[in-house]
Amino acid sequence: MKSNENSLPVPNNCGKMQDTYFPGSPGRDTTSQNFSQHIIDAGDTHSNNNGMFHMKHINEYETIPPKGQERIVDYLNTLGNNPPNVLLLEGGNAAQRFNMALYWAARLNCPNGMVPCMQCPTCTQIREGVFRDVELLDGRSEQILIEQVRKVRGLMGKQPYGEGWRVIILAEAQHMDAPAANVLLKSMEEPGAGNVFILLAPQRGALLPTLVSRSFTLTLSWTRQENPNPDLPEWEQALVTFLQKGQGWFVRTAKKDLVDVHLVRDIIIHCQTSLVQIMNRAPRTLLANNLNIQGSMARCGRMESILALGLKALNARVNPALVLDWTAVRLWKLVREKS
Ligand SMILES: [Zn+2]
C-alpha cells in the first residue's frame, strides 16, 4: 500500500482488509457519512476523521475474529443465544480484543445464523465501523469522558434501530475516569431492551470492581505468534539494557534497514505480553523480570497507554523507527517515575 510514512493516513485511504473483504460493500461516501454519527470517541467534538481512521486501521494486523482465539469464538457463538448484559473481554492484545468485540456485534446482528458470515451487508458495516447499532466509546487513544457515556445512556432507553442488538463497545475501558464509570454503572443497572455492553481491558483488575462484578468475563489467550521474529530476543535484551542504563539503543534503531513495521509491532506486542505478566505477578519474559514497575497499577496503566499509542501510530503509518524510539523513551521515563 502506498503511504507517506511520516503522516497520518487520509480517511479514504483504504486498507488491505477492505480490498479483500468488501467486493459488494456499500459506497464509501455513504459509509463515511454515517460513520460520524456512530462513533463517540474523544475526538468526536473536533474531528470525525480522527475516529474514522481508528476503526479502519485497527484491523490492519488482526483478522475478525482474531486468529488463535477459536475457543472464545465458539463460546461467543453459543453465548449469542442469550447474551449477557455486560460482557468483559480481557487478555490477548488490544487489537484482538477490539476485533473480537466487532465479532460479537456481528454475532448479535448477522441475519445468517449462529455463526456470523462476516460477508453480508450487516457484517460488512460492522467491520467498517458504520453499523448503526454499534456504539463505540474509544479509550484506545484518549480518556473516555463522562459526556460520551451520557450520550450512550440517552440511547439505551431506545430499542435498537434494526432487528438485532445494539452493542455498546467500551474499548480499553481502563481509560475511563471514575465519574464516567459511575454513569456507566447506572446505565448497566437499567438496561434498555435490546442493548448490551462489551468492555475491553487488558486485565479485569484494571477496571473498577463494581464494573467487573456486573460483567460476564472471558479471557482471550496469549497466543504465540505464528512466526516469531528471530531478532526479537536480541531487541528485548537491548531494550532492557536501555531501560536500565540508558545506553545502546539509538545506535541500533539508527540502522534503518533493521527496523521495519513488523519488527516494531512484534516488539510492542512483546512488551504488552510482558506487561500482562507483570500485572498477573507472573513475570516470565526477560522484560517482565527486569521492568521495575511491579506493584504500581498506575504505572502499569501508563505503560499500557504508551504501548497502545505506539501500535496506533504504527497502524497510522508513522515511521516504524520513530515509533520504536518514542516508545522506548517513554518507557525509559516511566521506569524512572515515582509511582
Ligand atoms: Zn453476516
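## A loop residue to start from

Leaving aside neighbours within four places in sequence, V259 is in contact with T253, V264, P320, A321 and L324; two residues count as in contact if their C-beta atoms, placed from the backbone, lie within 7 Å. V259 is found in the loop between α11 (249-253) and α12 (261-279). Helices (H or I, at least four residues) and strands (E, at least two) are DSSP runs, numbered from the N terminus.

V259 is buried, with 22 other C-beta atoms within 10 Å. Here, a residue is buried if 20 or more other C-beta atoms lie within 10 Å of its own, exposed if 12 or fewer, and partly exposed in between, with C-beta atoms placed from the backbone. The C-alpha atoms of V259 and L324 are separated by 8.5 Å, although these residues are 65 apart along the chain.

## The model and the whole chain

Please keep in mind that this is a predicted model: local features need pLDDT of at least 70, side-chain atom pairs count only at pLDDT 80 or more, and totals for chains, interfaces and linings use all residues. Residues are numbered from 1 along each chain as its sequence is written.

The chain has 15 helices and six strands. Of its 339 residues, 42% are buried. Among contacts between residues at least 6 apart in sequence, 78% join residues at least 24 apart.

## The largest nonpolar core

Which residues touch the most other members of the largest nonpolar core? They are L170, I198 and L199, in a core of 81 residues. Helix α5 (residues 94-107) gives the largest share of this core, ten residues. Domain 1 (16-220) and domain 2 (232-336) both contribute residues, so the core lies between them. A nonpolar core is a set of buried Ala, Val, Leu, Ile, Met, Phe, Trp, Tyr and Cys residues joined through C-beta atoms within 7 Å, and the domain bounds come from an automatic or database domain assignment.

Not counting residues up to four places away in sequence, L199 touches V86, L88, L170, A173, L207, L211 and S215.

## Helix α5 and its partners

Helix α4 (residues 70-79) packs with α5 at an angle of about 30°, with their axes 10 Å apart. Axes are lines fitted to C-alpha atoms, for helices over the stretch in contact, and angles run from 0 to 180 degrees between N-to-C directions. α4 and α5 are therefore roughly parallel to each other; angles under 35 degrees count as roughly parallel, over 145 as roughly antiparallel, 65 to 115 as roughly perpendicular and the rest as oblique. On the α4 side, I72, V73, L76 and N77 meet M100, Y103, W104 and R107 in α5.

With helix α6 (residues 121-128), α5 packs at an angle of about 155°, and the axes are 9 Å apart. That makes α5 roughly antiparallel to α6. L102, A105 and A106 of α5 make the contact with C123, I126 and R127 of α6.

## Two more places to look

Helix α10 (residues 232-245) and helix α15 (residues 320-336) pack at an angle of about 45°, with their axes 9 Å apart. These two helices, α10 and α15, are therefore oblique to each other. Here L239, F242 and L243 in α10 meet A328, L331, W332 and V335 in α15.

The C-alpha atoms of Q148 and A180 are separated by 8.3 Å, and the two residues are 32 apart along the chain.
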